[in-house]
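You asked for a short note on the model. My points are set out below the structure.

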Amino acid sequence: MRGRTTIALALLVALSGCGSDDDTPVPGGDEPSASPSTPTSSEPTGGTIDAPAAVEATTNLLDWRDTGVRAGIRYIKGPEWEALGSEDGSTVELSSDGAGTGIDAGAGRTISELLMSEDWAVVVRQDTAETDPSEVDVVDLATGQQAALAGPVPASGGSWALTGGDLYYPTYGDGGAYCLATSALADSNGEDGWCAPRRTGFSGLTASEHGVGIMTFDDARPACRTVNLLEAGVPQPLEGPTDCLAWDVAATADGALWSEVPKPRRQEEATFRASADGAYVDLGPGLTGSAVPCGDSVFFVRDPQGPDEPARLMRWTPDHALEVAYESRSTGDAFLGEPACGGGVLTLSSYGDQGDESVWAPVT
């Protein structure tokens, strides 16, 4: 069995307002699977900030189907389109009912991000030397038309998020400030907005119809991390997370989901929590960097909790239920890749001694 590959976010080290290395902040030390079962969960009562109520998960598997792609290959399935990346990161093929288009990374570049919603696909081509800005191709999935991104010039690397036709990404502002840009893809209109204060940065962008989540951090050793939701384009810290320990964050219809890392030397291990209508719940263990909004829910990965346990994809629903949405065939030495969402369809790779698989399922 291959060694476990962490899927914790590759956090961008960003300097806002100063270009010296000494000021650079760092973020801290073919057949469907089992048919969905009938959910038996009930809405939790919830607890307080200081004493969140523990939530027990029930099993309600999504209708998973084989992608036909080898596990680990970059692949996103959407309602009508699918995107398939090459193993070396040099190309992406977008296809739907025999139609499609191919995008090459180009000389000296690699495809660093592949994002898809119901109506749009975004392909980010990063400079391998990380000195020149990223180049971005935007595909209108209604017509198949391809165009360059309209908006502020993207920074090299960083965190990106797409919801509907709204794209969020990093750019540089006045004096080298590290800023958050937005682009309304349908209008070919983009603008820069909030900029991180000097000696701080941001990463961990997530976006859905309920809002945009962003993790900010300073340049302390270890860094102090804060999870936020955007309000009027400005990050506002969540009420609930322990100071400096949070990592993942995603907005929900009536609150937010986030993770906390209690042990700085084990940054891949987190505890997930959520707020809902002013109450607070403990969702249990999970893997940092794995929280993904999709459809009406937020999902995160949980590693096996014992030698006889599978790896699981957990789902926090708008009904305030915690569900097991996927279980690996292997137990113990098993793990899941980072889930990807394409317009309400989840794609997931699973690894283990009982065989690897790449699957997709609609979120309903």
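1. The model is predicted. Its largest nonpolar core has 31 residues, and L257, L283 and W316 are those with the most contacts inside this core. Strand 20 (residues 246–252) contributes five residues, the most of any element.

2. Leaving aside residues up to four places away in sequence, L257 is in contact with D248, V249, A250 and T252, and also with F272, R273, A274, L283, A291, V298, F300 and W316. A separate core of 17 residues includes W64, L313, V359 and V363.

3. The largest cavity holds about 100 Å³ of space. It is lined by 16 residues, of which H210, T252, A253, D296 and S297 are the closest to its centre. Strand 20, strand 24 (292–294) and strand 25 (297–302) each give two or more residues to the lining. By class, the lining has seven nonpolar, seven polar and two charged residues.

4. Strand 13 (residues 166–172) is largely enclosed by the rest of the structure, because five of its seven residues are buried.

5. On one side of the pairing, strand 12 (residues 161–163) runs antiparallel to strand 13 and is joined to it by three bridges; T163 has D166 as its bridge partner. The two strands form a hairpin with two residues between them, where G164 has a positive phi of about 60 degrees.

6. Strand 13 also pairs with strand 14 (residues 178–184), again antiparallel, over seven bridges. Here P170 is partnered by L180. Five residues lie between the strands of this hairpin, and G175 takes a positive phi near 70 degrees.

Note on methods
Residues numbered from 1 in each chain as written. Predicted model: local features only at pLDDT ≥ 70, side-chain atom pairs only at ≥ 80, totals over all residues. Heavy atoms only, no water. Core = buried A, V, L, I, M, F, W, Y, C linked by side-chain atoms within 4.5 Å. Buried < 20%, exposed > 50% of the residue type's maximum accessible area, 1.4 Å probe, protein only. Helix = DSSP H or I, 4+ residues; strand = E, 2+ residues; numbered from the N terminus. Contact = heavy atoms within 4.5 Å. 1 Å grid on protein atoms, 1.4 Å probe; cavity = no way out; pocket = protein on both sides within 12 Å on 5 of 7 lines; lining within 4 Å. Points joined across faces, edges and corners; volume = space filled by probe spheres on them. Nonpolar A, V, L, I, M, F, W, Y, C, P; charged D, E, K, R; others polar. Pairing = 2+ DSSP bridges.
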